[in-house]
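Work through the exercises below with the model open. Each task is followed by a solution in steps.

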Amino acid sequence: MKNISTDSLRTFVMVVEVGGFAKAGDLLGLSQPAVSLQIKRLEDLLGYKLFKKQGQRQVLNQYGELLLPMAKQMMQHNDAILQQFTSESITGKVRLGIPSEFAARILPSIIGDFVALYPEVSLEVKSRLSKHLLSASRQDQFDLVLALNEQLNSDKFPIFMQDELVWVGDLALAKNEVITLVTAPEGCIYRRRATDALKSAGIKYRIVYSNADLTGLIAAIKEGLGITVLAKSTVPSDLNFQPQSKHLPALGSIGISLVKSTGESEHAVDKLAEFIALRLGY
């Protein structure tokens, strides 16, 4: 009877989520050769390669794509079983800083599971623009920060994963002589990326509505006031999106940083960071 190592599955999921063996090793406390060895043992056990070479990167092949959702589900069951039968008790308070669009995307699925497994941990979640979350003056306000980061090679705030930026809303509006935008206030990365791309393409635009909260932007989009830009993973399922069209320029990708600070609740912070790292792609 063969058994799959949950450590290997966790490493596999982490490699996929952060986009590299070295980055996965940093988060898991493993060397890159150790990560590679775990992946090789998993491939040997299953009898299939899970990655293919794409340029300088290793990306999932068809077997890796098949395994990924099952591996994530197995990690969830593993965590739930351990929590149910272990005497370990995690307590404390975690102050999580997160952009509003990610709060809407991950809070129901990730935070709900976390609270169910660790009911003695108190969570305080605040939504801010990524610019503010990563500013030096705000860092002592949060124990854990998930934020957009355009500095893809930042040593101070390493990139946890990358996401594609897409145009969101009624894309037929892009055929108008002047494109109308709904955006977050000045300082928002999405806003700057949208306006810079349109300026570079020589396309006229005007911002007709501004709101820092994603709910407000979604309402404006559904009313047909304009289009906006979001990271692909945060787009609500009932909205249309497209990276580009013949009327709109490409937007590129954006980095996402997961930044921890040490404190009295370090164990709880580590556990929440692990939850986000494993399940953001859900």
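**Exercise 1.** In which loop does Tyr48 lie? Then classify its accessibility and name the patch it belongs to.

Solution. The model is a predicted one.
- Step 1: Tyr48 is found in the loop that links helix H3 (32-46) with strand S1 (51-54).
- Step 2: Its relative accessibility is 43%. Buried requires under 20% and exposed over 50%, so Tyr48 counts as partly exposed.
- Step 3: Together with Ile4, Leu46, Tyr63 and Met74, Tyr48 makes a nonpolar surface patch of about 410 Å².

**Exercise 2.** Locate the salt bridges of Asp44 and Lys232 relative to the secondary structure.

Solution.
- Step 1: Asp44 pairs with Lys40, with 3.0 Å between the closest N and O atoms.
- Step 2: Both residues belong to helix H3 and are four residues apart, about one turn of the helix.
- Step 3: Lys232 pairs with Glu164 at 3.9 Å, N to O.
- Step 4: Lys232 is in the loop between strands S9 (228-231) and S10 (241-242), while Glu164 is in strand S6 (residues 159-168), so this pair ties together parts 68 residues apart in sequence.

**Exercise 3.** Describe how strand S7 is covered and how it connects to S8.

Solution.
- Step 1: Five of the five residues of S7 (residues 179-183) are buried.
- Step 2: Ile179, Leu181 and Thr183 point one way, Thr180 and Val182 the other.
- Step 3: S7 runs parallel to S8 (residues 205-210), joined by five bridges; Leu181 stands opposite Ile207.
- Step 4: From S7 the chain passes through helix H7 (residues 189-200) to S8, a right-handed β-α-β crossover.

Technical notes. Residues are numbered from 1 along each chain as its sequence is written. This is a predicted model: local features need pLDDT of at least 70, side-chain atom pairs count only at pLDDT 80 or more; totals for chains, interfaces and linings use all residues. Side-chain values use heavy atoms; hydrogens and water are left out. Buried means under 20% relative accessible area, exposed over 50%, partly exposed in between (1.4 Å probe, protein chains only). Helices (H or I, at least four residues) and strands (E, at least two) are DSSP runs, numbered from the N terminus. Two strands pair if DSSP finds at least two bridges between them. A crossover is right-handed if, with the strands pointing away from the viewer, the path from the first strand over the helix to the second runs clockwise. Patches are made of residues with over 30% relative accessible area and no salt bridge: like charges are joined within 9 Å, nonpolar side chains (Val, Leu, Ile, Met, Phe, Trp, Tyr) within 5 Å. Accessible areas come from the Shrake-Rupley method with a 1.4 Å probe; for residues, only the protein chains shown count as cover. A salt bridge is a side-chain nitrogen of Lys or Arg within 4 Å of a carboxyl oxygen of Asp or Glu.
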